[in-house]
Amino acid sequence: MRFDENAQLDTSHIDDLRGSGGGGGIGGRVAVGGGGLGVVGLILYFLLSQLGGGAGVDMGGLGGLEQGQTSDTSQAASNCRTGGQANTELDCEVVAVVNSLDGYWSDTFARSGMTYQPPRTNFFSGGVRTGCGSASSAVGPFYCPADQEVYIDLGFFRELETRFGAEGGPFARAYVIAHEYGHHIQALLGTSERVQAGETGPTSGSVRLELQADCYAGVWANHAESVPTASGQPLIQNVTRDDVAAALDTAARIGDDYIQSQLGGGQVDESQFSHGSSAQREHWYTTGYQTGDPARCDTFARGVDLG
């Protein structure tokens, strides 16, 4: 996977909170416990179990942006101007993926007679305060329905490779961002409201919500090479079978069963599933990728096989 070297990147929907001087001690409750939706939210289950807390545990002492402070977008704006930079710099790569996602979903909504409202994507380091509460980087990338924004510590991608054992690569990283965008689509369509926060289990609403976000990520991946830049040229080029395999590998590494057995060092407890098994996540990403049709992502349909 490569980006068009000459493509002009748009950073207008990016907030760079890194180094913003949050002042420490923001406290509050973990964003996933407060309604946030993350690609690997189950990792909290183990972290908080070790701490003896629950999903709303006070993490205290996190760095990041305090409520009422303003963010500084200058770093991303000055560094990320072209697709060529996206091919060499991680933050610019994410900016380019965000541009592609906004382009695809804006067009898709317009074809259905709806208006797409792009989310803001926030880069942070260590911890952050959101409309869903406070979160540390341990949560992984997440989407907050309360403020309709995506939050990501870019160091998570290194964690995917070192801790989760994922193959990595730009298309795998794009899957993670596309998954969070999937949650934004659910918020715009009202799907998120159908799920009770904290519900777990292999067929729970939480699992269905996460698998649908995986499917939406696959749908975007199907169209990734056709989303144009302002010049009319595709922003993303040369997506290979290896790229798709790497995305599927990432989906498998963040399944509930994999995290419980491999990272948690314990037995698989399906009653605690909140995101779906590795096989389910691979299945629904593949469904989206092979069909390219968001309508095929209805994991809430009566009698649907979750895979």
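**Notebook: helix packing and the mixed sheet**

I began with helix 6 (residues 170-189) and helix 8 (residues 241-253), whose axes come within 7 Å and cross at roughly 50°. The model I am reading is a predicted one. Helix 6 and helix 8 are therefore oblique to each other, and I noted their crossing as right-handed.

I then listed the residues in contact. Helix 6 contributes F171, A172, Y175 and V176, which meet D243, V244, A246, A247, T250 and A251 of helix 8. Sorted by class, this contact holds eight nonpolar residues, one polar and one charged.

I next looked up helix 10 (residues 278-291), which packs with helix 8 at an angle of about 145°, the axes lying 8 Å apart. This crossing, too, I recorded as right-handed. From helix 8, the residues V244, A247, L248, A251 and A252 meet S278, R281, E282, Y285, T286 and Y289 of helix 10. I counted them by class as seven nonpolar, two polar and two charged.

I turned to the strands and found an open sheet of five, in the order 2-4-8-7-3, with mixed pairing. Strand 2 (14-16) and strand 3 (37-38) are at the edges; each has a single partner strand, so one side of each lacks a neighbour in the sheet.

I also checked what lies on this sheet. Helix 6 packs on it and touches strand 3, strand 4, strand 7 and strand 8, with a direction that makes about 20° with that of strand 7. Helix 4 (residues 90-111) lies across strand 2 and strand 4, and runs at about 170° to strand 4.

I asked which residues of strand 8 (residues 149-152) are buried on each side. E149 and Y151 are buried on one side, and V150 and I152 on the other, which leaves both faces of the strand covered.

I followed the pairing of strand 8 in both directions. With strand 4 (residues 120-123) it runs parallel, joined by four bridges; F123 has I152 as its bridge partner. With strand 7 (residues 142-144) the pairing is antiparallel, over three bridges. There I found C144 bridged to E149, and Y143 opposite V150.

Last, I examined the hairpin of strand 7 and strand 8. Four residues lie between the strands, and Q148 takes a positive phi near 55°.

Key: Residues numbered from 1 in each chain as written. Predicted model: local features only at pLDDT ≥ 70, side-chain atom pairs only at ≥ 80, totals over all residues. Heavy atoms only, no water. Axes fitted to C-alpha atoms, helices over the stretch in contact; angles between N-to-C directions. Helix = DSSP H or I, 4+ residues; strand = E, 2+ residues; numbered from the N terminus. Parallel < 35°, antiparallel > 145°, perpendicular 65-115°, else oblique. Left-handed = near helix turned anticlockwise from the far one by under 90°. Contact = heavy atoms within 4.5 Å. Nonpolar A, V, L, I, M, F, W, Y, C, P; charged D, E, K, R; others polar. Buried < 20%, exposed > 50% of the residue type's maximum accessible area, 1.4 Å probe, protein only. Pairing = 2+ DSSP bridges.
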